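Have it open while you read them.

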Amino acid sequence: MAIPLSILDLVSIPEGSTARDGIAASMTSAKLADELGYHRLWFAEHHNTPNLASKATSLLISQAAGVTENIRVGSGGVMLPNHAPLMVAEQYGTLANIHGDRIDLGLGRAPGTDGMTAQALSRSSAEPQAFARHIYDLQGWFGESGTAHSTPIFSSVSQGMEVPIWVLGSTVNGASIAGQLGLPFSLASHFAPDQIDDAVRVYRETFSTEAPTARIDKPYVMAGINVMVADTDEEAQRQFTTIQQMFLDIRSGRQRKIQPPVDLSEFPGGVPSMLDISAVGSPDTVKARLEEFAERTGADELITVTYAYDPDVRDHSLKLLADVWF
C-alpha cells in the first residue's frame, strides 16, 4: 500500500496576477486535492516576497478547511519566533473549534524571510531551549487544563483541542530537536537536500518517548519533494522551468512573480542544487521517483510541492499523480 501523499502550498502569484488571484487558485486546488484523496494540505509562512501569498497561514487554513471536508489542513509551518505562542494557541484552537479534528500545527525556528523583515516581525528567541519551552506551553494550552506549563495563563478557546504539533527542519539540528521532543518531523528536503540522510538518521536515533512534550510512540517522518506531472516527460520538464527560474531568482537576489515556463532549449541553465529532490515527468516516471525517494528516506509520508505559472497545469499535475498513487 502506498504511503500517504500530502501537499505543501506557498500560494504562488504568477506574473500578471494578484495575491487575490493566487489565493483563489489555491482554494480551487484545495477542493480538488480533497476530492482526489490527498492526506493533508499545509500552507507555509514566507514574508517580503512578491511571488508568494502564503503569509498569514491561519487565515489560509481556515479558508481551505471551509471549502474541504476530509483533508487535514495545517501549517508547514508557523515560524514560531515570529509569533507570540499564546496567539498561536488561540488561533489554532479557534481553527479546531470551527473545523474539528482536521487541523495541524507545524512549527519552525527559521524566520521565513530576510533579517530586516524578521526584525519588523518582532522576533522572539529562536534558540532550541526557548523553542522547546514554547511547544510545551502550546501543548498545555491545547490540553485539558487549557493552561500553559510555565505560566498560569488560561486559554478557553484552545482548551482540550489537542491540535497535533509537528517540528519542521532541514538539518540535523532540526532533526535532533524533533527527536528529543518526541514529535513528528517534517523534513524540508524539497529545498535543502544536503543533509537528508543524516537528518533522518539523527531524528530516529534521538527520538524519545520520555520527553514531556512527546505525543507519539515512535518516529514519524514526512519528507518534502518537488513534483511536476504532465502527460509526457518533455512537457513536465518544460513546466518545471517555472520553479527553476524562481530558484535562480532567489540565488541572484532578483524579486519577481512566478514566471511562465520556457522551452528547454532556451533555459539559461545552472539549475540550483536546492532542487535536487524533485520528481518531474509523466505519471509513471514521477511515481517511480517518489517510490525511490520514499525507500531512500524510509519516510512515513511524502509532502509534495508543485509550482506552476498556470493554475490549471498544477491541478492537472495533482490529478495525474492521484491517478497513479491512490
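1. Leaving aside neighbours within four places in sequence, Arg256 is in contact (heavy atoms within 4.5 Å) with Glu15, Pro50, Asn51, Gln245 and Asp249. Arg256 is found in the loop between α8 (233-252) and β8 (278-281); helices (H or I, at least four residues) and strands (E, at least two) are DSSP runs, numbered from the N terminus.

2. Keep in mind that this is a predicted model: local features need pLDDT of at least 70, side-chain atom pairs count only at pLDDT 80 or more, and totals for chains, interfaces and linings use all residues. Residues are numbered from 1 along each chain as its sequence is written, and side-chain values use heavy atoms, with hydrogens and water left out.

3. Back to Arg256: its side chain makes a polar contact with the side chain of Asp249 at 2.7 Å, and another, of 3.4 Å, with that of Gln259. A polar contact here is a pair of N or O atoms within 3.5 Å; within protein, one must be able to donate a hydrogen and the other to accept it, and residues adjacent in sequence count only if both atoms are side-chain atoms.

4. Now look at strand β3 (residues 72-79).

5. What does β3 pair with (at least two DSSP bridges)? Four bridges join it to strand β2 (residues 40-43), running parallel, with Arg40 opposite Arg72. Six bridges join β3 to strand β4 (residues 103-108), also parallel, and there Val73 stands opposite Ile103.

Key
Pairing = 2+ DSSP bridges.
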